[in-house]
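Hi,

Here's the structure I promised to pass on to you. Have it open while you read, and my notes follow below.

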Amino acid sequence: MTRVVLSIGSNLGDRLARLQSVVDGLGGSVQAVSPVYETEPWGGVDQGPFLNAVLIADDPACDAHAWLRRAQGFERAADRVRGQRWGPRSLDVDLVACYDEGTELFSRDNGLTLPHPLAHLRAFVMVPWLAIDPDAELTVAGGKRSVARLLGELEPADRAGVRRTDLVLTPRTSGN
């Protein structure tokens, strides 16, 4: 039923293993995995750098709320503690956008806002997303916009702060 774009990040513990846990947990529903990027923290809190990636997954059994529950389950499994806003995270799994048969879904429910209200301001979301979907679009302020254009509107320093690494997230293949 739904396709989801997930932004995943970690800056505590074994950062790569935490990101890989999401890929593993999604199993065969993973359609695309971006390269892994290292980024400076966002939001002005003094902390270590993040590893970030974007995943595209598809599961006919999931609606937007089911994707949110899955994302929160991955965070709980990684002992995510919700403390300081924009503070350090063992694992952060954000629903960036969700689609039902190609139609972007919108939500302003308590606890679920789609599309993600800050995604268009975050180079660490848009750079990896474009790496796996160069034609990606996101609705911002009521209008559909190219993610490439949104990224181009950010400060050069924000874009430069998203550095591709040699680290790799490996999706499961059939038979694994």
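When I say two residues are in contact, I mean that they have heavy atoms within 4.5 Å. One thing to keep in mind is that this is a predicted model.

Let's start with Asn 11, which sits in the loop between β1 (2-10) and α1. Leaving aside neighbours within four places in sequence, Asn 11 is in contact with Gln 47, Gly 48, Pro 49, Phe 50, Pro 88 and Arg 89. Is Asn 11 buried or exposed? Its relative accessibility is 9%, and buried means under 20%, so Asn 11 counts as buried.

Next, the helices. Two packed helices are described by the angle between their axes and the distance between the axes. Here, helix α1 (residues 15-26) packs with helix α2 (residues 64-77) at an angle of about 135°, and their axes are 10 Å apart. Angles from 65 to 115 degrees count as roughly perpendicular and those over 145 as roughly antiparallel, so α1 and α2 come out as oblique to each other. Their crossing is right-handed.

Which residues in α1 and α2 meet? From α1 there are Ser 21, Val 22, Gly 25 and Leu 26, and they meet Trp 67, Arg 70 and Phe 74 in α2. Sorted by class, this contact has four nonpolar, two polar and one charged residues.

Cheers

Conventions:
Residues are numbered from 1 along each chain as its sequence is written. This is a predicted model: local features need pLDDT of at least 70, side-chain atom pairs count only at pLDDT 80 or more; totals for chains, interfaces and linings use all residues. Side-chain values use heavy atoms; hydrogens and water are left out. Axes are lines fitted to C-alpha atoms, for helices over the stretch in contact, and angles run from 0 to 180 degrees between N-to-C directions. Helices (H or I, at least four residues) and strands (E, at least two) are DSSP runs, numbered from the N terminus. Angles under 35 degrees count as roughly parallel, over 145 as roughly antiparallel, 65 to 115 as roughly perpendicular and the rest as oblique. A crossing is left-handed if the near helix is turned anticlockwise from the far one by less than a right angle, and right-handed if clockwise. Ala, Val, Leu, Ile, Met, Phe, Trp, Tyr, Cys and Pro count as nonpolar, Asp, Glu, Lys and Arg as charged, and the others, Gly among them, as polar. Buried means under 20% relative accessible area, exposed over 50%, partly exposed in between (1.4 Å probe, protein chains only).
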